[in-house]
Structure formats: C-alpha cells, structure tokens
Amino acid sequence: MRVQAATWADTKDRDNDQCARCSTRYSLTHQHRRAVGMGGSPTPPSIVDSLTLCFDCNGRCERDLQTIALAYGWKVRRWVGDPGRVPVFYPHLHGWARLTKGGEALRIHATEAAQMMREVYGPEWDQWCAEAGVRTPERK
Ligand SMILES: [Zn+2]
C-alpha cells in the first residue's frame, strides 16, 4: 500500500527535506525502508518505515547501491519486525540517528548505531560495511 500523504509530509520534515543519500532537495521520493514483496504490504508504511530519497538514489538503492543502503539503514530487510530497531545514517547530520514513531530522528553515536545494527543483523552488517566501504566504529 502507498504511503499516506501526512506520513510522507512528516517524513520529509524529519529528513530536513533532503535525500538521505546525496542530500539533494530535488525530485524527492518516498522510500519504503522495509523491502516489500509481490503484492506490496497490507498497511501503509509508518514514518519509521519511511525515508526521503531522491528519484535517482531511490532507484539505485534497488540496484547498485543495495549493500550500502542496508549498511546505512536506508533499506531494512523484510523480516525485521520493527524498522525502528535499524538506525539511519544521514549525510546532513554527518552521522547516525534512531527513528521514533513520533517522527523524530534522534542523533546517536556511531558505536550505538553499530550495536543496534549488530543486534538485528549480526555479523552480516559488518560484511555489508566491508563490501560497501562503510566505516564502523572499530574500522576507520
Ligand atoms: Zn539522492
């Protein structure tokens, strides 16, 4: 199901009206963080399940940028019950944030982000980071 207009407006507000990958303010589109399968999802995505990406980055997150999108929390694996468990890396914050149901992006330290990611994905997150060249707190 498509995102509700109010949720999309709140998502852009939260994300500073910028693409969460390249920071552009143009051609912004709604990214459903949790990959949906055939037939889509039965309910519209929540704000925690939503992200602002430009048209170009949104498409690339399904293609050549899939690994970095998972490493940075722009995409969330379908089986993750609560997408709020997966933090997001924002270029405009130069760091990580935890998304709340109230529509906030709360700054968190990289070590906390890494801990949250490993709780959800285990060592797979470190593999994505290594593949995509994403810095982890331990590996500069
Ligand atoms: Zn972009």
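How many bridges join β4 to β5, and do the two strands run parallel or antiparallel? Four bridges join β4 to β5, and the two strands run antiparallel. The structure is a predicted model, in which local features need pLDDT of at least 70, side-chain atom pairs count only at pLDDT 80 or more, and totals for chains, interfaces and linings use all residues. Residues are numbered from 1 along each chain as its sequence is written.

**Overall architecture**

- The protein contains five helices and five strands; helices (H or I, at least four residues) and strands (E, at least two) are DSSP runs, numbered from the N terminus.
- Along the sequence, these elements follow the pattern α-β-β-α-α-β-β-β-α-α.
- The radius of gyration, taken over C-alpha atoms, is compared with a globule rule of 2.2 Å times the number of residues to the power 0.38.
- For 140 residues, a compact globule would have a radius of gyration near 14 Å, and the protein agrees with its 14 Å.
- The C-alpha atoms fill a box of roughly 40 × 30 × 30 Å along the principal axes.
- Of the 140 residues, 34% are buried; a residue is buried if 20 or more other C-beta atoms lie within 10 Å of its own, exposed if 12 or fewer, and partly exposed in between, with C-beta atoms placed from the backbone.
- Among contacts between residues at least 6 apart in sequence, 61% join residues at least 24 apart; a contact requires C-beta atoms, placed from the backbone, to lie within 7 Å.

**The sheet β3-β4-β5**

- Three strands form an open sheet in the order β3-β4-β5, with antiparallel pairing; two strands pair if DSSP finds at least two bridges between them.
- The edge strands are β3 (88–90) and β5, each of which pairs on one side only.
- Three bridges join β3 to β4, and Tyr90 has Gly95 in β4 as its bridge partner.
- Arg98 has Leu106 in β5 as its bridge partner.
- β4 and β5 form a hairpin with five residues between them, and Gly103 in the turn has a positive phi of about 90°.

**Helix α4**

- Helix α4 (residues 110–121) has twelve residues and should span 16 Å at 1.5 Å a residue; its end C-alpha atoms are 16 Å apart, which agrees. The expected span is 1.5 Å times one less than the number of residues.
- Ala113, Ala114 and Met117 are buried in α4. Seen down the axis of α4, its buried residues fall within an arc of 100°, so they line one face of the helix; the arc is that of the directions from the helix axis to the C-beta atoms.
- Thr111 and Glu119, on the other side of α4, are exposed.
- The cover over the buried residues of α4 includes β4 (95–99), β5 (105–108) and α5 (123–132).
- Gly122 follows α4 and has a positive phi, near 65°.

**The loop between α1 and β1**

- Asp17 is found in the loop between α1 (5–14) and β1 (28–32). Although Asp17 is not a glycine, its phi is positive, about 50°. Asp17 is exposed, with 12 other C-beta atoms within 10 Å.
- Ser27 lies in the loop between α1 and β1. Ser27 is not a glycine, yet it has a positive phi of about 50°. Ser27 counts as exposed, with 12 C-beta neighbours inside 10 Å.

Definitions and conventions. Two residues are in contact if their C-beta atoms, placed from the backbone, lie within 7 Å.
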